[in-house]
Each structure stands twice: as structure tokens, then as C-alpha cells.
Amino acid sequence: MIKLIAGLGNPGKDYQAHRHNAGFWFIESLANNLDSIFSSQSKFFGETAVCLIGNNKVRLLKPKTFMNNSGICIKELIEYFKIESKDVFVFH
């Protein structure tokens, strides 16, 4: 069962329209469609939101690190919430 969906991209206005931000575009659209709002979470080096998909609570993550370092954010979040890697879906 998916417990975390991470959308990868690069932070900053210079990268907003860049193809590497497709993960950000997806996760923002998903959050919007599920009436979820992101909030900054410094301990996870990104922005997080919580939503319900069906009856399942799912965390959404937008790392604030550059794409090549996004594993840091995902690792912090899965360790904190004890999420198994098989329950993580990453869009990039």
C-alpha cells in the first residue's frame, strides 16, 4: 500500500518551467485535486502534505533539495514515519 508519494524537481524560480520539474507538477496537481495543502517541513528538507486516497492516508513530499539530492528528503521522511521502501512511489 502506498504511504508516500514524492514528486522530484529542482527548487527555485529558474527551474519552474524545466522538464526536470515534472515530478513537482504532478505532486502539486495531485495535492490540488485531493484538497491537500503543502507546508514547509525543515526536518524533512522539503514540503509535505497529507491526503486520503480511498481510505488510505498518504503523505506527499516535494523536496527542497536539488533533484540529485532528493534521496536525503525521502530517507528522512521514511525513517521518521517508519515507511517501508515498497510503500514509496517517486515521480520524476
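Reader: What does the chain average in pLDDT?

Author: The protein chain of this predicted model averages a pLDDT of 93, and 100% of the residues score at least 70.

Reader: Where is confidence lowest, and where highest?

Author: The lowest mean is 90, in β2, while β1 has the highest, at 97.

Reader: OK, the sheet. What is the strand order?

Author: The order is β2-β3-β4-β1-β5, in an open sheet of five strands with mixed pairing. The edge strands are β2 and β5, each of which pairs on one side only. From one strand to the next, the twist averages 30°.

Reader: How many bridges join β3 to β4, and are the strands parallel or antiparallel?

Author: Eight bridges join β3 (residues 46-53) to β4, and the two run antiparallel. Within that pairing, Ala 49 stands opposite Leu 60.

Reader: Which residue in that hairpin takes a positive phi?

Author: Gly 54 does, with phi near 65°; the hairpin has two residues between the strands.

Reader: And how many bridges join β1 to β4?

Author: Three bridges, with β1 (residues 4-7) and β4 running parallel. The bridge partner of Leu 4 in β4 is Arg 59. Ile 5 stands opposite Leu 60, and Ala 6 stands opposite Leu 61.

Reader: What about β1 and β5? In which sense do they pair?

Author: In the parallel sense, over four bridges, with β5 covering residues 88-91.

Reader: Which way do the β1 residues point?

Author: Leu 4 and Ala 6 point one way from β1, Ile 5 and Gly 7 point the other way, and all are buried.

Reader: Now the helices. Which strands does α1 lie across?

Author: Helix α1 (residues 22-33) lies across β1, β4 and β5, and runs at about 140° to β4.

Reader: And α2?

Author: α2 lies across β1, β3, β4 and β5, running at about 150° to β4.

Reader: What is in the largest nonpolar core?

Author: The largest nonpolar core has 12 residues, among them Leu 4, Ala 6, Phe 44, Leu 61, Ile 74 and Val 88. β1 and α2 (70-81) are the elements that give two or more residues to this core. The largest share, four residues, comes from α2.

Reader: Which residues is Val 88 in contact with?

Author: Leaving aside neighbours within four places in sequence, Val 88 is in contact with Ile 2, Leu 4, Ile 74, Ile 78 and Ile 83.

Reader: What does the second core include?

Author: That separate core has nine residues, including Ala 31, Phe 38, Ala 49 and Leu 60.

Reader: Change of topic: where is Ser 39 found?

Author: Ser 39 is found in strand β2 (residues 39-41).

Reader: Why is Ser 39 called partly exposed?

Author: Because the relative accessible area of Ser 39 is 35%, and partly exposed lies between under 20% for buried and over 50% for exposed.

Reader: What is Ser 39 in contact with?

Author: With Gly 46, Glu 47 and Thr 48, leaving aside neighbours within four places in sequence. A polar contact of 3.3 Å also joins the side chains of Ser 39 and Gln 41.

How values were computed
Residues numbered from 1 in each chain as written. Predicted model: local features only at pLDDT ≥ 70, side-chain atom pairs only at ≥ 80, totals over all residues. Heavy atoms only, no water. Pairing = 2+ DSSP bridges. Buried < 20%, exposed > 50% of the residue type's maximum accessible area, 1.4 Å probe, protein only. Core = buried A, V, L, I, M, F, W, Y, C linked by side-chain atoms within 4.5 Å. Contact = heavy atoms within 4.5 Å. Polar contact = N/O pair within 3.5 Å; in protein donor to acceptor, adjacent residues only side chain to side chain. pLDDT = per-residue confidence, 0-100. Axes fitted to C-alpha atoms, helices over the stretch in contact; angles between N-to-C directions.
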